[in-house]
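Morning, everyone. I'll walk through one model, helix by helix, and then turn to the backbone. Have the viewer open.

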Amino acid sequence: MHANATIIGVGQSAYVRRPEPAQSAATFIRDAVMAALRDAELDARDIDGLAAASFSLAPDAAVDLAWKLGLSLRWLIQDTNGGSSAMNMLGHALRAVESGAASAVLVVGGDATGLGGYAKVAANFNTVTQMHLAPLGHGGPNGVYALVASRQMKKYGLAKSDYGHLAIAQRAWAAHNPYAVYRTPMTMEEYLAAPLVADPLSRYDCVPVVAGAQAIIVAHPDRCPQGRAGVRVRAHRASFNYDNQEGDGLQTGICTFARELWQAAGVRSEDVDLASIYDDYPTMVLAQLNDLGLILGNDLQRFARQTIGERRFPLNTWGGMLSAGQPGGPAGGLNGISEAVLQLQHRAGARQVRGARLAVATGYGMTMYRYGGTAAAAVLERVE
């Protein structure tokens, strides 16, 4: 348990589908950082550690970002692990504070590629994509995860509408999130009538890319603003390239450490009050939930139709990226962590889960060839 390091503040920039010319990754990151500092009641001079991740910060690096933000540091990292970057940076930040390498670490991610820029990133994600996928006109990760979704539907007897339950439930949560780019309630009829992107995935199965940024601050518990509950991490685990891309993609690296995660946390999967699951596709939400042991008997169909469809379990209560938007992979993972923090501090407003004390959050990403190669998870707890 990370008892001597606490998440004490969160901050977010505005999210936009089409950034203006004057808006860049750096400007969105600046806005998120300022919001996090205000939330933590800190000054920039209090920050001596920085963890940053962005697909569109280049040619700048993390140290350039520190310069632009006016941060004088003694601890610095830059993460490149996409959808698990946020969770990965959280782990590093916790260890930095506990070891004394830094006293207050700013963890930030953000992107502003625009839709055209995102297409370039997707086509040049790694050498395998450049050499073997892009020449096929695969159109980015949608085509890859369409194959994973097809396999999942066949193996677990899922219907297209089962994914719809998740998209619809998350849209209902998004209605109470002023930052979400899509807040209008969705019906199953609307979900099923959406145009196909890559069969069986349709528009509402594919995460909308936005420009924006998210930040959290990790520090010693005594730095938490007066009168506010802190949030500590009971356990944190990660996995990288767990199966050499030789599986079917229906499990994630979470399956390699889930049992250890819950044992280290000293709680059971059924004890958590809510979950923030990295949701680039509904398919991968179900896969991660199953790996975590949150789906009884591996019955994905029943879980989708009853637990999610009947709103029995608070899942992605900010609307998830599917409704709130994905500000690049790195910041996308910070969304879920930030929402878990707000819920555990009982500051989520109309989205508040009553009496929330335990949450689990995940990260998943880096589609190396056939599916994601990185995964991470953390169990978070409210501390009075």
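**Gln-152 and its surroundings**

Let's start with one side chain. Gln-152 touches Gly-157, Leu-158, Tyr-163, Leu-250, Thr-283, Leu-286, Ala-287 and Leu-300, not counting residues up to four places away in sequence. Contact here means heavy atoms within 4.5 Å.

Some ground rules. This is a predicted model, where local features need pLDDT of at least 70, side-chain atom pairs count only at pLDDT 80 or more, and totals for chains, interfaces and linings use all residues. Residues are numbered from 1 along each chain as its sequence is written, and side-chain values use heavy atoms, with hydrogens and water left out.

Back to Gln-152. Gln-152 sits in helix α6. Helices (H or I, at least four residues) and strands (E, at least two) are DSSP runs, numbered from the N terminus. Is Gln-152 buried or exposed? Gln-152 is buried, at a relative accessible area of 1%. The cut-offs are under 20% for buried, over 50% for exposed, and partly exposed in between, with a 1.4 Å probe and protein chains only. For scale, the C-alpha atoms of Gln-152 and Ala-219 are separated by 41 Å, and these residues are 67 apart along the chain.

Now the packing. Two packed helices are described by the angle between their axes and the distance between the axes. Axes are lines fitted to C-alpha atoms, for helices over the stretch in contact, and angles run from 0 to 180 degrees between N-to-C directions. Helix α6 (residues 141-156) meets helix α10 (residues 282-292) at about 55°, with axes 9 Å apart. That makes α6 oblique to α10. On the scale used, under 35 degrees is roughly parallel, over 145 roughly antiparallel, 65 to 115 roughly perpendicular, and the rest oblique. From α6, the contact uses Tyr-145, Val-148, Ala-149, Gln-152 and Tyr-156; from α10, Thr-283, Met-284, Leu-286, Ala-287 and Asn-290. The contact of α6 with α10 divides into 7 nonpolar, 3 polar and no charged residues. Ala, Val, Leu, Ile, Met, Phe, Trp, Tyr, Cys and Pro count as nonpolar, Asp, Glu, Lys and Arg as charged, and the others, Gly among them, as polar.

Next, α13 (residues 328-344). How many of its residues are buried? 17 of the 17, so α13 is largely enclosed by the rest of the structure. At 1.5 Å a residue, α13 should span 24 Å, and its end C-alpha atoms are 25 Å apart, which agrees. The expected span is 1.5 Å times one less than the number of residues. The axes of α13 and helix α3 (residues 85-99) come within 6 Å and cross at roughly 65°. α3 and α13 are therefore roughly perpendicular to each other. Ser-85, Ala-86, Met-87 and Leu-90 of α3 contact Pro-330, Gly-333, Leu-334 and Ile-337 of α13.

Last, the backbone. Most residues other than glycine have a negative phi, and most peptide bonds are trans. Asn-316 has a positive phi of about 50° although it is not a glycine. Asn-316 lies in the loop between α11 (300-308) and α12 (320-324). Asn-316 is buried, with a relative accessible area of 0%. Just after α13, His-346 takes a positive phi of about 60°.

Two cis bonds to finish. Ala-58 to Pro-59 is a cis peptide bond, with omega near 10°. Asp-199 and Pro-200 are also joined by a cis peptide bond, with omega about 10°.
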